[in-house]
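User: I have a model open and would like to learn how to read its features. Could you walk me through it?

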Amino acid sequence: MAEPSTSGPRIRSGARPEIRPEIRRGTRPRHRYTLAVVLTATAFAATVPVASARPALPGGGGTEAAPTVVMIHGAWADTSSWGGEVKILRGEGYSARAIGNPLEGLTTDAETVADFVKSIPGPVVLVGHSYGGSVITNAAARTGNVKALVYVDAAAPAVGETTGELSGSASALNAPPETLFDSVPYANAPEGTANLYLKQDIFVRKFAQDLPAQQAVNLWATQRAASMAAFDTPSKYAAWKTIPSWYFISTGDQIITPESELMMARRAGSKITTFQGGSHLTLISHPEAVTKVIKAAIEAVS
């Protein structure tokens, strides 16, 4: 997300078991119906789906090779942003989690995410939306089990860059702060820092414009505040330099512009998917498209 400041945001640019009843030649089964019952039961069992089975992966990956997907939301959002993707992935047998992003400051938010990722045994695909992209960029560098990064309409800062620098010159956030945010003090905030809420018209018309109006209003009404410190804090790491990445770019994003996202994706050497239309909340309006990119990352590293 673009970082506002008190003087306005600074924007730079398995095989079926075979049952063979043992029948000696020249003898009959002790019970007339034994063979028929066994075969009928076997056929029935083969038709019952196993809900917990994880899908086999291309390339001979095997069912146990699939990593856990951990998804990080951005500012003015919460874990429900990933509801569509979680439903699809878990419905197909993948392990997928969406966890809370504190939205307090890049360094501490990344530490929180890194601690969670380190608690997961086995490999992880780490996915970030919006400001969550900055968080995964830093968190992944503090763990040893992140095998892929997926950016969804997100920021991917280099070392020293702030999230607020990366929205792009044509971003809707490149406007006077008083027209964009409701600023509210919070306990123990760093000096000069406040919590920011997007104003309703900005949220509905610029942040979530491809969603039904009432849904957009409801999301505005339930948004989580983001501290100004989340956008002001320089990035300490650039995990995309050493971890393969995928980038999902919506052409309709008015918060982090497609041009800015393309710049970040190219310098990271990401595999790029461009989605025509959408908004900054394409992860909500078109979860199937976003999930396709996440699955591509899973398959590539499994």
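User: Is Arg205 buried, partly exposed or exposed?

Analyst: Arg205 is partly exposed, at 45% relative accessibility. Buried means under 20% relative accessible area, exposed over 50%, and partly exposed in between, with a 1.4 Å probe and protein chains only. A word on the source: this is a predicted model, where local features need pLDDT of at least 70, side-chain atom pairs count only at pLDDT 80 or more, and totals for chains, interfaces and linings use all residues. Residues are numbered from 1 along each chain as its sequence is written, and side-chain values use heavy atoms, leaving out hydrogens and water.

User: Which side chain does Arg205 meet in a salt bridge?

Analyst: In general, side chains of opposite charge can pair when their charged atoms come close. The rule here asks for a side-chain nitrogen of Lys or Arg within 4 Å of a carboxyl oxygen of Asp or Glu. Arg205 pairs with Asp201 at 3.5 Å, N to O. The two are four residues apart in helix H6, about one helical turn, and Asp201 is partly exposed at 37%. Helices (H or I, at least four residues) and strands (E, at least two) are DSSP runs, numbered from the N terminus.

User: Which residues of helix H6 are buried?

Analyst: An α-helix has 3.6 residues a turn, so residues three or four places apart point the same way. In H6 (residues 200–207), the buried residues are Ile202, Phe203 and Phe207. They fall within an arc of 100° seen down the axis, so they line one face of the helix; the arc is taken from the directions from the helix axis to the C-beta atoms. Their cover includes helix H5 (177–180), strand E6 (195–198) and helix H7 (213–221), with contact meaning heavy atoms within 4.5 Å.

User: Where does the salt bridge partner of Glu92 lie?

Analyst: Glu92 pairs with Lys295, the closest N and O atoms being 2.7 Å apart. Lys295 lies in helix H11 (residues 287–301), while Glu92 is in the loop between helix H2 (83–91) and E2, 203 residues apart from its partner.

User: In what order do the strands of the six-stranded sheet run?

Analyst: Strands of a sheet pair through backbone hydrogen bonds, either parallel or antiparallel. Here the order is E2-E1-E3-E4-E8-E9, an open sheet with parallel pairing; two strands pair if DSSP finds at least two bridges between them. Strands E2 (96–99) and E9 (271–275) are the edges, each pairing on one side only. Inside the sheet, five bridges join E1 (residues 68–72) to E3 (residues 124–130), and Ile72 has Gly128 as its bridge partner in E3.
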